[in-house]
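Here's a quick briefing to read with the model open beside you. Take it one topic at a time and find each spot as you go.

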Amino acid sequence: MITTENKKIYKAKIETMEKVSTSSYFMEINCSIPVDVKAGQFISIYCDGLTLRRPFSVYSNNNGKIGILFKERGKGTRYIKSLNSGDFIDIMGPVGNCFNISNKKSLLVGAGIGVAPISFLKSELDKKNIDNMFIAGFLNKEEVIKGMSVDRIYTDDGSIGQKGSVLNYLDEIIKEYKPQIIYSCGPLIVLKTVAQVGEKYGIETQVAMEKVMACGIGVCRGCVIDVIKDGKTVNATVCKDGPVFNGSEVVWH
Ligand SMILES: Cc1cc2nc3c(=O)[nH]c(=O)nc-3n(C[C@H](O)[C@H](O)[C@H](O)COP(=O)(O)OP(=O)(O)OC[C@H]3O[C@@H](n4cnc5c(N)ncnc54)[C@H](O)[C@@H]3O)c2cc1C
Ligand code: FES
């Protein structure tokens with residue numbers, strides 16, 4: 001591992017590369033030494049020939065073996081997908097902050113590939129015996145991640161679980177489960193709705209934000225969002241101040 005002031009760079013060996021839904025892949029890499037990583041943090045992967053590293057939430061951590069779930073989008077993810085077990089990749093991280101876990105009845109809301117950090121969070125809550133319910137939304141049954149343990153599934157087309165967006169069910173679930181905190185990751189509309197619903201019921205929310213990133217370490221300020229601090233709107237970087245924010249502090253444009 002090379003550690004500079006705020007960079008931790010590893011050459012990691014790919015142990016597993018597996019297709020886990022129609023459009024997503026699970027990659028597990030071996031960093032050779034135990035890596036301290038918490039749910040919500042991410043790693044940035046160097047993709048051959050591309051200047052900017054690509055960020056991915058940590059999905060699992062097993063004694064230095066870090067797992068990510070990724071969807072193919074463009075050149076970077078195509079490169080990662082082309083790799084095989086035994087190949088080496090260059091990762092930076094884990095970076096960013098993490099979910100702030102407390103011993104409260106927890107509702108976990110994941111949507112699409114946003115289920116990755118939420119599933120990792122669930123495993124951390126389970127280890128601490130914290131009561132939790134993990135609900136996840138996908139487009140259809142082909143998109144559901146193989147091997148992931150979810151309490152309730154919602155699909156847009158109803159091909160598995162309940163039909164419709166997970167957002168349509170939030171009110172009903174909150175009334176039934178009575179969570180004291182809600183954690184979420186997924187598309188912006190999911191995070192915004194979770195934050196609004198939390199506000200409506202007076203429940204704390206924590207949301208893992210996504211922004212296209214450049215440096216990934218808080219230098220270029222290419223990933224800023226607006227947040228409210230001490231009554232004032234200020235900038236915060238998703239890569240260093242986040243990616244996890246309290247839903248109530250984010251300015252939802
Ligand atoms: C903190 C964080 C955690 C993330 N975790 C995951 C994860 O666990 N799994 C996963 O599959 N993806 C995750 N992403 C998104 C992932 O970084 C992008 O999909 C990836 O960088 C795309 O690279 P590419 O070269 O394949 O695509 P590009 O050629 O760079 O882009 C292809 C398309 O994807 C869009 N895109 C690029 N970056 C992002 C982004 N950050 N958010 C939304 N759209 C983007 C572009 O606008 C473009 O339309 C995360 C992003 C952030 C910021
Ligand atoms: S990506 Fe450079 S500051 Fe966040």
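A pocket, on a 1 Å grid over the protein atoms alone, is an open set of points with protein on both sides within 12 Å along at least five of seven lines, and its lining residues have an atom within 4 Å of a point. Grid points are joined across faces, edges and corners, and a volume is the space filled by probe spheres (1.4 Å probe) set on those points. This is a predicted model, where local features need pLDDT of at least 70, side-chain atom pairs count only at pLDDT 80 or more, and totals for chains, interfaces and linings use all residues. Residues are numbered from 1 along each chain as its sequence is written, chains are lettered from A and ligands numbered from 1 in the order in which they are written, and side-chain values use heavy atoms, with hydrogens and water left out.

**The largest pocket**

- The largest pocket holds about 640 Å³ of space.
- Its lining is made up of 29 residues, and R54, P55, F56, R73 and E210 lie nearest the centre.
- Helices and strands here are DSSP runs (helices H or I, at least four residues; strands E, at least two), numbered from the N terminus.
- The elements giving two or more residues to this lining are β5 (54–57), β7 (65–71), α1 (75–82) and α2 (115–127).
- β5 gives the most, with 4 residues.
- Sorted by class, the lining has 16 nonpolar, 6 polar and 7 charged residues. For the classes, Ala, Val, Leu, Ile, Met, Phe, Trp, Tyr, Cys and Pro count as nonpolar, Asp, Glu, Lys and Arg as charged, and the others, Gly among them, as polar.

**The second largest pocket**

- The second largest pocket has a volume of about 440 Å³.
- It is lined by 25 residues, with A111, G112, I113, G186 and P187 closest to its centre.

- Follow the order β12-β11-β10-β9-β13-β14-β17 and you've traced an open sheet of 7 strands with mixed pairing. Two strands pair if DSSP finds at least two bridges between them.
- At the edges sit β12 (162–163) and β17 (244–246), each pairing on one side only.
- β9 (residues 106–111) runs parallel to β10 over 6 bridges, and A111 has G137 in β10 as its bridge partner.
- β10 and β11 are also a parallel pair, over 4 bridges, with I135 opposite R152 in β11.
- β11 and β12 pair in the parallel sense over 2 bridges, and Y154 is bridged to Q162 in β12.
- Helix α3 (residues 170–177) lies across β9, β10, β11 (152–155) and β13 (181–185), at about 160° to β9. Such angles run from 0 to 180 degrees between N-to-C directions, using axes that are lines fitted to C-alpha atoms, for helices over the stretch in contact; contact means heavy atoms within 4.5 Å.

- Why does L108 count as buried? Because its relative accessibility is 0%, and buried means under 20% relative accessible area, while exposed means over 50% and partly exposed is in between (1.4 Å probe, protein chains only).
- L108 is part of strand β9, and beyond four places away in sequence it touches I118, L121, K122, L125, N132, M133, F134, I135 and Y183.
- S119, in helix α2, counts as buried because its relative accessibility is 14%.
- Leaving out residues up to four places away in sequence, S119 touches Y59, F134 and M148.

- The peptide bond from G93 to P94 is cis, with omega near 0°, and P94 sits in strand β8 (residues 88–95).
- G242 and P243 are joined by a cis peptide bond too, with omega about 10°; P243 is in the loop between β16 (232–237) and β17.
- K178, in the loop between α3 and β13, isn't a glycine but has a positive phi near 55°. K178 is exposed, with a relative accessible area of 56%.
- D230 isn't a glycine either, and its phi is positive at about 50°. You'll find D230 in the loop between β15 (224–229) and β16, exposed at 81% relative accessible area.
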